[in-house]
Amino acid sequence: MIEITEQQEISNSKAPKEALTWEDLTKMKYTWRVATELTRINPPVALSFRRAKQDIEYGGFIIPKGWQVSQVLVDNQTK
């Protein structure tokens, strides 16, 4: 299995109980892709705020420039 192989190779190059470094993590291509897909499906933050840069119409409503709007990330990322 690819994921086990990449993790085992890095583990074998470390001393016992030696912590992983950022460089070690960047070598785990398959593991990194799995982690990013999991955060896409289940984001660690449920919503995000943005400020409208200009007046916009959305769903028949006017959102004035400067207003803050929230985006629910969970619903956005799973459809």
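Q: What does the secondary structure of the protein come to?
A: Four helices and four strands, running α-α-α-β-β-β-β-α from the N terminus on. Helices here are DSSP runs of H or I with at least four residues, strands are runs of E with at least two, and both are numbered from the N terminus. Keep in mind that this is a predicted model, where local features need pLDDT of at least 70, side-chain atom pairs count only at pLDDT 80 or more, and totals for chains, interfaces and linings use all residues. Residues are numbered from 1 along each chain as its sequence is written, and side-chain values use heavy atoms, with hydrogens and water left out.

Q: Why is the pair of Trp22 and Trp32 called edge-to-face?
A: Rings of Phe, Tyr and Trp (its six-membered ring) pair if their centres lie within 6.5 Å; planes under 30 degrees apart are stacked, over 60 edge-to-face, the rest tilted. The centres of Trp22 and Trp32 are 5.9 Å apart and the planes sit at 85°, so edge-to-face it is. The structure holds one aromatic pair.

Q: What makes this pair a tie between parts of the chain?
A: Trp22 lies in helix H2 (residues 22–27) and Trp32 in helix H3 (residues 29–41), so the pair ties together parts 10 residues apart in sequence.

Q: How do you know whether Trp22 counts as buried or exposed?
A: Buried means under 20% relative accessible area, exposed over 50%, partly exposed in between (1.4 Å probe, protein chains only). Trp22 has 59%, so Trp22 counts as exposed.

Q: Why is Trp32 called partly exposed?
A: Because its relative accessible area is 45%.
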